[in-house]
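Hello,

Here is the structure I promised to pass on. My notes follow it.

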Amino acid sequence: MLTWISENAKWVIYISIVGIIAGLLFMDMSALQADNRPPVGTVNGEKLSNELFDARLRQIQSQQPGLSNEQVAQMREELFRSFIQRHLIEKLIAETKIKASVYEMKRDLRTDPPQGIDREPTFQTDGVFDFEKYEKWLADPETYNIPFMLEYENMLKTAKIPEKQLRLFVNAGFQPSSLEAKYKALNRETKFEVWNAQGIGRYFEEASVSENSVDSVFKAQLDSFFVADDLAKVRYAAISIEPSEKDVENTFEYAEMLLAQIKDGADFGEVARNSSEDPGSATMGGELGDYGPRGRWVSEFDSTAFALDSGEISNPIRTQFGYHIIQSLGKRIENDEEQVKARHILLAINATSETIDSLEAILNDIKAEVDKGKKFEEAVNAKGLEVNTSTWFKRGGEIPELGHVSGLSSYAFFNPLRPKEDSKTSDILQNPKWVVIFQKEGSLSAGSRDMEFAKPRIEQSLKSKGKIDAIAEYLRVNLDKFADIAVLDSNSKTSIEKVTIDSATVSFEGYLPGLGYANPELYRALSNAKEGEWSGPYASSQNAVLIKILSKSVPSEEALKAAIENDLSMAWQFGAFSAFGDYMRNLEAGAKVVNNLDLYYRE
């Protein structure tokens with residue numbers, strides 16, 4: 001067996017990675033109960049494993065180096081959700097007592113081999129996967145002593161096959177109906193040639209909205225405005241992180257030092273590899289590709305590169321990217337155009353830690369004043385800064401004007417396991433562009449109803465509705481003017497003020513400009529309109545329209561039959577997959593989840 005592993009080490013390493021992943025996600029968790037720390041999270045009161053989560057996160061990060069703080073935070077949230085889903089599936093499997101038989105595991109190994117095996121030379125003949133070799137390998141009892149196979153067998157037994165069986169149970173209730181397929185096919189294949197007239201939005205104003213009307217809508221449709229996720233709102237003061245004059249001066253002095261080293265005999269390419277901050281050229285010794293014409297680079301760089309003689313090195317020059325030391329590698333004339341080949345060393349001008357510390361000191365002064373009792377606005381304004389208020393955001397979300405700020409979610413969302421903080425503001429937080437101080441403005445719990453949260457949405461809906469009502473009334477009043485239009489050309493399309501008229505081919509499940517795609521109003525319009533006459537207005541959330549049906553074509557029996565058969569086939573293929581996805585989303589939505597990521601990963 002050791003000889004076999006030695007000869008096939010590459011494949012063993014590859015599938016062992018898969019095995020490690022499977023082991024991390026599906027191993028028996030009973031051995032991990034000695035962990036006395038608060039859990040990374042809970043699902044319906046049951047703890048998720050810190051060790052498994054940490055190990056899986058480290059593994060993913062090792063496979064994707066160089067991620068930003070924002071990407072790492074998103075990764076944690078996505079991994080956390082996958083753990084929730086895995087936990088719910090495992091509970092379902094346990095509750096339904098689904099088990100995998102030896103026969104099912106053997107069949108799965110043959111019908112659905114581990115990923116990557118088909119590409120392994122061990123199982124190939126003339127570059128093609130040889131299933132007989134694979135089956136011979138499976139028939140060898142020693143195969144099942146390989147660590148990977150032990151892990152894979154455990155995954156088959158506890159996860160893969162039980163989950164397949166669970167999918168069968170859930171999808172058993174999915175039965176596509178031939179009557180429904182006929183209804184959909186007929187709606188889709190019945191075509192209407194129409195003219196449609198819709199109001200031109202810029203000529204109609206949005207309606208004014210009163211507080212009473214907003215309040216009435218909120219009270220009448222209370223369940224339409226529940227908060228889906230825990231939300232928070234904060235006030236903040238932010239200072240842009242910009243290099244100081246000292247930072248610029250220090251970068252220039254460093255560039256001059258590198259230039260002096262090169263003039264003293266240091267190899268330009270080696271200095272570029274070690275010091276240049278241009279990731280695209282540093283590994284190439286600073287080279288910027290083959291000969292190129294003027295205009296290839298930003299103007300300052302371009303003019304300097306073309307002014308150098310072959311082999312000559314420039315003094316440090318500044319562009320929007322920083323300071324460059326440029327060396328010409330030669331010039332040539334091609335197609336009567338001068339071209340140059342060059343390499344460079346780039347030193348970006350970044351704010352130093354001292355500069356950032358000085359910006360943080362300003363915000364720390366604000367923090368101290370607020371903790372002494374001064375109002376947040378007063379303390380911020382005293383430093384010549386402005387207070388901004390965020391929109392509502394959920395855990396793991398961000399403020400669009402700032403982007404992702406590490407630590408914001410930890411501050412903004414209450415966690416009873418986190419030690420109580422006496423300060424009236426957040427710590428001083430930062431991302432690559434800003435240093436920021438936050439103060440909590442408000443919070444909303446998932447499932448709550450809040451007028452302030454719903455108000456912008458209600459106001460916009462009422463304004464839009466008022467505008468569309470005005471368009472519909474305008475179309476109704478001017479309906480008789482459309483009767484004179486006999487031919488649709490460039491003149492008649494705009495013959496009626498504030499209206500645009502066009503032609504379209506549409507079905508019940510198609511799209512009509514002004515009414516939108518496959519909605520009840522489109523169905524009503526096509527069903528009620530008389531052929532050869534203008535009718536309406538019909539209104540949607542987008543606009544209001546008049547339509548005139550010119551002709552209607554119904555599919556032949558043969559075409560309808562083919563469409564129904566295709567719909568039924570597609571329904572079986574995608575409907576069952578969607579059914580299980582919907583089932584899991586509903587299961588997840590109904591679970592009581594506590595997310596404690598902020599306790600462990602406060603950046």
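A residue counts as exposed when its relative accessible area is over 50%, and as buried when that is under 20%. Please keep in mind that this is a predicted model.

Helix α6 first. On the face pointing away from its buried side sit Glu132, Lys136 and Ala139, which are exposed. The helix spans residues 131-139, and Tyr134, Trp137 and Leu138 are its buried residues. Viewed down the axis of α6, the buried residues fall within an arc of 100 degrees, so they line one face of the helix. The N-terminal end of α6 is capped by Asp130, with a side-chain oxygen 3.0 Å from the backbone nitrogen of Glu132.

Next, Asn431. This residue is in the loop between β13 (429-430) and β14 (434-444). Asn431 counts as buried because its relative accessibility is 9%. Polar atoms of its side chain make two kinds of approach to backbone: one lies 2.9 Å from the oxygen of Leu402, and one lies 2.8 Å from the nitrogen of Trp434. Leaving aside residues up to four places away in sequence, Asn431 touches Ile241, Leu402, Gly403, His404 and Val405.

Last, a sheet. It is open, has 3 strands in the order β2-β1-β20, and pairs antiparallel. The edges are β2 (46-47) and β20 (593-595); each has a single partner strand, so one side of each is left without a neighbour in the sheet. Strand β1 (residues 41-43) is joined to β20 by 3 bridges. In one of these strands, β20, Val594 is the bridge partner of Thr42. Helix α4 (residues 69-95) packs on the sheet and touches β1, β2 and β20. Its direction makes about 150 degrees with that of β20.

Best wishes

Key:
Residues numbered from 1 in each chain as written. Predicted model: local features only at pLDDT ≥ 70, side-chain atom pairs only at ≥ 80, totals over all residues. Heavy atoms only, no water. Buried < 20%, exposed > 50% of the residue type's maximum accessible area, 1.4 Å probe, protein only. Helix = DSSP H or I, 4+ residues; strand = E, 2+ residues; numbered from the N terminus. Arc of directions from axis to C-beta. Polar contact = N/O pair within 3.5 Å; in protein donor to acceptor, adjacent residues only side chain to side chain. Contact = heavy atoms within 4.5 Å. Pairing = 2+ DSSP bridges. Axes fitted to C-alpha atoms, helices over the stretch in contact; angles between N-to-C directions.
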